[in-house]
Amino acid sequence: RVQLVESGGGSVQAGGSLTLTCVASKSIDCVGWFRQAPGKGSEAVALIALISGRTLYAPSVKGRFTASQGNARNESYLQMNNLNLEDTAMYYCAALSPCLLKIEYVDIWGQGTQVTVSS
């Protein structure tokens, strides 16, 4: 079973940038990014198909966040620009099958990495 590990979270001021990394223990085909703020439900953020490079973004982050892949299909990134207070959340990467940005299609979750945006 594949394992996913996120990293790169931290604290950043509003308007700043942060890049999250998701490393899988083996090659996977599709990575989704989700986030959950305290007291709120999960929100689908972005998707990248690691074979085709196809990406998909939630309207709330489109134009600010960019999902990408590394040299191998076990590594992916979420570049987050122009962060705002509403982006504060625990961010999770997940292996998706099929490659659709819905929580019901998550096979494996990463442990999460905290992103805190301050004013």
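Predicted model: local features only at pLDDT ≥ 70, side-chain atom pairs only at ≥ 80, totals over all residues.
## The nonpolar cores

The largest nonpolar core has 30 residues. Within this core, Leu4, Trp33, Leu78 and Met80 touch the most other members. Several strands give two or more residues to the core. They are strand 3 (18-24), strand 4 (30-36), strand 5 (42-49), strand 7 (65-69), strand 8 (75-80), strand 9 (89-96) and strand 11 (113-118).

Look at Leu4 next. Leaving aside residues up to four places away in sequence, Leu4 touches Cys22, Val23, Ala24 and Ile28, among others. Its contacts also include Cys93, Ala94 and Ala95. Ile108, Trp109, Gly110 and Gln111 complete the list.

The model has two disulfides. One of them joins Cys22 to Cys93, with an S to S distance of 2.1 Å. Cys22 lies in strand 3 and Cys93 in strand 9, so this pair ties together parts that are 71 residues apart in sequence. The torsion about the S-S bond is about 75 degrees, so the disulfide is right-handed.

Are these two cysteines buried or exposed? Buried means under 20% relative accessible area. Cys22 has 2%, so Cys22 is buried. Cys93 has 0%, so Cys93 is buried too.

Cys30 lies in strand 4, and Cys99 lies in the loop between strand 9 and strand 10 (106-109). The pair therefore ties together parts that are 69 residues apart in sequence. The torsion about this S-S bond is about 70 degrees, so the disulfide is right-handed. Both Cys30 and Cys99 are buried.

How do the bonded cysteines pair up in sequence order? Number them along the protein chain, and the pairing is 1-3, 2-4.

Five of its seven residues are buried, so strand 3 is largely enclosed by the rest of the structure.

Which strands pair with strand 3? Strand 1 (residues 4-7) pairs with strand 3 in the antiparallel sense, over four bridges. Here Leu4 stands opposite Ala24 in strand 3. Leu4 also touches Ala24. Strand 8 runs antiparallel to strand 3 as well, and six bridges join the two. Thr19 stands opposite Gln79 in strand 8.

Definitions and conventions
Residues numbered from 1 in each chain as written. Heavy atoms only, no water. Core = buried A, V, L, I, M, F, W, Y, C linked by side-chain atoms within 4.5 Å. Buried < 20%, exposed > 50% of the residue type's maximum accessible area, 1.4 Å probe, protein only. Contact = heavy atoms within 4.5 Å. Disulfide = S-S within 2.5 Å. Pairing = 2+ DSSP bridges.
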